[in-house]
Amino acid sequence: MNFLAHLHLAHLAESSLLGNLLADFVRGNPHEQWPMPVADGILMHRRLDAMTDALPEVQEARPLFRPHTRRVAPITLDVVWDHFLARHWDQICPEMTLAAFSRFAEQRVVPQLAGTPESFQALNAVMWRERWFEHYAEPTRMARVLNGMAQRRPRLAALRDSYQDFTDHYALLETLFFRFYPRLMTLARSKTL
């Protein structure tokens, strides 16, 4: 899962949006550094990442990637799942538009940014200003996202090429998303993530 899915599932679970968004920027035991709701959100994010990586649908998706992009498949898939969530948002979350959810999340996260890592604050400044989530629904935006990630981390240059795997297997990846994401939503609502 990437940013949008983590925020959506955190919202369903009534978990800290800040914690769930911040998790990739925090190492070690979050309870030593953060208030309990934020720390619990960080731990939820970590559990969700581990659970998602082990899902049979995700295991089925990884071999769709070519040998030279397979190493970055988990990262690409995180972005791809956010694409399908954004693309089908009206079906998945009919009670709130994606733009409204993005504003809702921004209003809860931004006031709490003081004291978070500078790199996280910089990410937030761009993410909310450029309305990332609303653009995730566009398949071509995924090329831009993957290229940007590859540019920032040269050892992940294969992310650029993984866009081709995404487009080559678009229909199957979409089917796999719809097989597992509703289960995650159920777990989030029952607070068992």
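K191 is partly exposed, with a relative accessible area of 48%. The model is a predicted one. K191 belongs to the segment after α12, and its phi is positive, near 60°, although the residue is not glycine.

R131 also has a positive phi in a residue other than glycine, near 55°. R131 sits in the loop between α8 and α9 (132-135) and is partly exposed, with a relative accessible area of 22%. A further positive phi, near 55°, belongs to E14, which follows α1.

**Pocket**

The largest pocket has a volume of about 1,100 Å³. Its lining is made up of 28 residues, and those nearest the centre are N2, F3, M149, R152 and R153. By class, the lining residues comprise 13 nonpolar, five polar and 10 charged. At least two lining residues come from each of α1 (3-12), α3 (36-54), α5 (73-87), α8 (118-129) and α10 (139-152). Of the elements, α10 contributes the most to this lining, namely six residues.

In soluble globular proteins, nonpolar side chains tend to be buried together. Here the largest nonpolar core has 72 residues, and L4, L9, W81, F133, Y136, L173 and Y181 have the most contacts inside it. Helix α12 (residues 170-189) gives the most to this core, with nine residues.

How many of the 10 residues of α1 are buried? Nine are, so the helix is largely enclosed by the rest of the structure. The buried residues of α1 are F3, L4, A5, H6, L7, H8, L9, A10 and L12. Two of these, L4 and L9, are among the residues with the most contacts in the largest nonpolar core, and F3 is one of the residues nearest the centre of the largest pocket.

| Residue | Helix | Relative accessible area |
|---|---|---|
| N20 | α2 (residues 17-22) | 1% |
| G148 | α10 | 15% |
| L159 | α11 (residues 158-168) | 0% |

N20 counts as buried because its relative accessible area, 1%, is under 20%. The side chain of N20 reaches the backbone oxygen of S16 at 2.8 Å. Beyond its neighbours within four places in sequence, N20 is in contact with H6, A10, S15, G41, I42, M44 and H45.

What does L159 touch, not counting residues up to four places away in sequence? The list is V72, I75, T76, L146, M149 and A150. M149 is also one of the residues nearest the centre of the largest pocket. The C-alpha atoms of L159 and G148 are separated by 9.1 Å, and the two residues are 11 apart along the chain. Between L159 and H11, 148 residues apart along the chain, the C-alpha separation is 29 Å.

G148 is buried at 15%, since the cut-off for buried is under 20% relative accessible area. R131, at 22%, is partly exposed.

Methods. Residues are numbered from 1 along each chain as its sequence is written. This is a predicted model: local features need pLDDT of at least 70, side-chain atom pairs count only at pLDDT 80 or more; totals for chains, interfaces and linings use all residues. Side-chain values use heavy atoms; hydrogens and water are left out. On a 1 Å grid over the protein atoms alone, a cavity is a set of points where a 1.4 Å probe fits but cannot get out, and a pocket is an open set with protein on both sides within 12 Å along at least five of seven lines; lining residues have an atom within 4 Å of a point. Grid points are joined across faces, edges and corners, and a volume is the space filled by probe spheres set on the points. Helices (H or I, at least four residues) and strands (E, at least two) are DSSP runs, numbered from the N terminus. Ala, Val, Leu, Ile, Met, Phe, Trp, Tyr, Cys and Pro count as nonpolar, Asp, Glu, Lys and Arg as charged, and the others, Gly among them, as polar. A nonpolar core is a set of buried Ala, Val, Leu, Ile, Met, Phe, Trp, Tyr and Cys residues joined through side-chain atoms within 4.5 Å. Buried means under 20% relative accessible area, exposed over 50%, partly exposed in between (1.4 Å probe, protein chains only). A polar contact is a pair of N or O atoms within 3.5 Å; within protein, one must be able to donate a hydrogen and the other to accept it, and residues adjacent in sequence count only if both atoms are side-chain atoms. Contact means heavy atoms within 4.5 Å.
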